[in-house]
Each structure stands twice: as C-alpha cells, then as structure tokens.
Amino acid sequence: MTVRSKTFLVVAFALAVTGCAGRKTHDLLNTTTVTVPASDIAATHEIFVATTRKKATKDPRQVFDGDRSPTTSFASVEVTVPKVHQVGAIERVRGSANSNPAKDFTATEVEFYEGAPQFAKAVGADIAMRGDRALVFVHGFNNGFDDGIYRLTQIAHDTKYSGTPVLFSWASSGKTTGYIYDKESANAARDDLEETLRMLAKTKAKSIDIIAHSMGTWVTMEALRQLAITGDRDLSDKLGYVILASPDIDVDVFKKQMIRYGKPDKPFAILLSGDDRALRLSSLISGDKPRVGDYGDAADLASYGVSVVDLSKTKGGDRLNHAKFADNPFLVQLLGDRLRAPAGLASDEVNPAQPIDNLGQGIGKAVGSVAEIVITTPFKVLTIATGG
C-alpha cells in the first residue's frame, strides 16, 4: 500500500468513526448571559487550569485555542452542571449556540492568572480548603480546551470527588485529522506537566491523583518518567492514584517508560478495552503496532507492576468505546467510590492491587449481565462475570 493510499484510508476511517463533518466548534463561553432559576442548577465547579495552549484571539469564546504556546498559562473556569444531568453524560449544545444552564454544562466565568506564583497561591488555597487533595486530568487526542473543561467537570461531579480539580490542557488541535500535530504537541508538553505536578506538590496537598486519557497518557508517562530520573517519582510521597484510561502509547515504548519509572508503590491502573475503535485508528497510523489501550496480553503489562482492568465487555457511551471510564454510568460511579479513599491508605494494604480488585468486583455487580471484567495484577488474575 502506498503512503498516499494509506493516508486516504486513515482519514476516511477517522471521519467514519467520529462522524465528523467539520461542524464541530470549540466555543466555551456564551455570547450573552443566560439566566435560569438556581433550582435548575445541580452544582457549580471551579476547574483550575494549566495549559500549553495559546489564548484564543480569533474566537475569544474558545478561551484557549489549538496553537502551541512556548510557556504554560494558568486560569480557572467556573462551570455549572444542570439538574437534569445524567451520570456519564456531558450535556452540550450543538454548534455555536449559547448554552442553557438549565439543560447544558455552562462555563460562566474565567479568571486568568499572571503567572505560576499567583496560580500556585490560588490553587493551594483551594486544596487546603477542600481536604488537601487534588485531581489532575490530562485529556487526549482531538480535544479542544472546552472538551477538557467539560470532561473534568463531569468526572469531578459524577465521582463526587471532594478535592480540587486541575486540568492540564496540552495543545491538541481539536481536529480528527490532527493526529500527528497532536502527537508533537503532547511531546512538547512533557516538561510543563512535570512542572505543574511539582507545583502542586509544593502546596499543602497530601495526595495528588492523576487520571489521563488516550494520548494524554503519553504526556503523563513521560512526565512521571522525568520525575523518576530526578529521583522524585512519587512527588515527595504525595503522588496518589494514577489511572491511565485507553492509553494511546506504543506497547514497547510503555514498557521502556515503566522500566525507567520502576514498579509503582501506589495504585497504578491501566483501563483498556479490546473494542476501542479510536485506538484502531492510532494503530493504523503507527504502523499497525498495538497500543496499550487495546493490548491483548494483560499479564505482560502487569509484570511491570501495574494493575490492568479489561473493560472490553462493558458498554461505552458511544460507538468509539474510547471513554468508558467516564461515560459508562456504572464505571464512573465506581471509580468515584475508589477515589474517595486516598491512595495512601490503599498503599498500606498488604496487597497494593486490592483497591483495583474492589473496583472490579463493584463493576461486576453493578453492570450485571452485560459485564465481564478481568483484572490482572502482579499478584493474580480476577475475573468477574455476572448474569447470562
């Protein structure tokens, strides 16, 4: 197959699996204020942001666009969640219409910080007020700034996470055809994520949890690898849960990253699914090499000290099956159950994989007849099958 024909197939497949027709916009802010009764709002969340994106000048409604900035910028965004919200969903308007807070996730206010010291003071105060925990979310490929904001809001809301949500938003183009650009943007953001994690570790936070998705897992693993090289892989013992969902990382590269990082001391989980259609596209682009997120040998991955949760037989929220961790109502609620217990307590157990076992058992009970979860750890393999 020629390079030209393969490129055509990749683009055609990308458009097919996403249903993209070039209409997607990445507007975050409304053009006018839409007022609704307070009784229509379930909650308001403040999302702190560190980003390697440039400020959006052509369309200020985007706040930050897909262009790369040479420095990290900092902000916070207030987002309301409507009372009609369903767990696992992100209720949004189509196109450039204004969000209705009674029906949609709505960003109501953005605050920009002049630099890292001002941001560190603000996020540190919030962490101290909210129980000394922070949740860092690193989004994946084909995400605008708005996508990351709304996804972290949904995760924080649906899991009932009590700590401070922090979005690390690297400069994804937010385009289906921007895979190579996004890959380079992810590479460029490694140092920025590392510095953001170090900044959070200097606050009064006792536990810094990380959830990374898709290509965001690459940025995360590289930042963790760099921390390990400097001798501070656990952020002075403040690193909490590390959850890599649908990792878009070459399997051989991941193994090398884990060798450098070393076997984890805290719960470190990989959530994968053999029916992940987005990762099929990634594999095709990458020379038909397997990605961690749909790799068929869980025991091989587990030998590096991680726990592998196979979600292949659970339902996703769309036909891509690429974000089950967040859009499957049962999975996201059970993820919340696990996150409510700080990782430091979990790591004191005799078997550090036990928290993942508990998560898998809960998933099996909740999802019922559609679920078979296989949890592979360095210690054992656990299969939960329920119903017919």
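**Close-up views of a predicted model**

**Figure 1. Buried residues of helix α2.** F119, V123, G124, D126 and I127 of α2 are buried. Viewed along the axis of α2, the buried residues lie within an arc of 165°, so they line one face of the helix. P117, K121 and M129, on the other side of α2, are exposed. The buried residues of α2 are covered by elements that include the strands β1 (41-55), β2 (64-82), β3 (106-113), β4 (133-138) and β5 (164-169), together with α5 (190-201). The model is predicted.

**Figure 2. Length and end of helix α2.** Helix α2 comprises 14 residues (residues 116-129), which at 1.5 Å a residue should span 20 Å. Just after α2 comes G131, which takes a positive phi of about 100°.

**Figure 3. The whole protein chain, for orientation.** The protein chain contains 13 helices and 11 strands. Of its 388 residues, 56% are buried. Among the contacts with a separation of 6 or more, 77% are between residues 24 or more positions apart. The chain exposes about 16300 Å², and carbon and sulfur atoms supply 53% of this area.

**Figure 4. The aromatic pair F64 and F112.** The structure holds 8 aromatic pairs. One of them is formed by F64 and F112: it is edge-to-face, with 5.9 Å centre to centre and 70° between the planes. Because F64 lies in strand β2 and F112 in strand β3, the pair ties together parts that are 48 residues apart in sequence. F64 has 1% relative accessibility and therefore counts as buried. F112 has 38% relative accessibility, so F112 counts as partly exposed.

**Figure 5. The aromatic pair F141 and Y179.** The ring centres of F141 and Y179 are 5.2 Å apart and the ring planes are at 70°, so this pair is edge-to-face. F141 is in the loop between β4 and α3 (145-159), whereas Y179 is in helix α4 (residues 179-188). The pair thus links distant parts of the chain, 38 residues apart. F141 and Y179 are both buried.

Figure 6. One aromatic cluster is formed by F48, F74, Y113 and F119. F119 is also one of the buried residues of α2. The elements that cover the buried residues of α2 include β1 (41-55), β2 (64-82) and β3 (106-113).

**Figure 7. Lysine and arginine over aromatic rings.** K183 lies over the face of W218, 4.4 Å from the ring centre. R233 lies over the face of Y261, and here the distance to the ring centre is 4.8 Å.

**Figure 8. I180 in helix α4.** Helix α4 contains I180. The relative accessibility of I180 is 54%; the cut-off for exposed is over 50%, so I180 counts as exposed. I180 and I285 are 105 residues apart along the chain, and their C-alpha atoms are separated by 9.1 Å.

Terms used: Residues numbered from 1 in each chain as written. Predicted model: local features only at pLDDT ≥ 70, side-chain atom pairs only at ≥ 80, totals over all residues. Heavy atoms only, no water. Helix = DSSP H or I, 4+ residues; strand = E, 2+ residues; numbered from the N terminus. Buried < 20%, exposed > 50% of the residue type's maximum accessible area, 1.4 Å probe, protein only. Contact = heavy atoms within 4.5 Å. Areas by Shrake-Rupley, 256 points an atom, 1.4 Å probe, with all protein chains shown as cover. Expected span 1.5 Å × (residues − 1). Arc of directions from axis to C-beta. Phe/Tyr/Trp six-rings, centres within 6.5 Å; stacked < 30°, edge-to-face > 60°. Lys NZ or Arg CZ within 6 Å of the ring centre and 35° of its normal.
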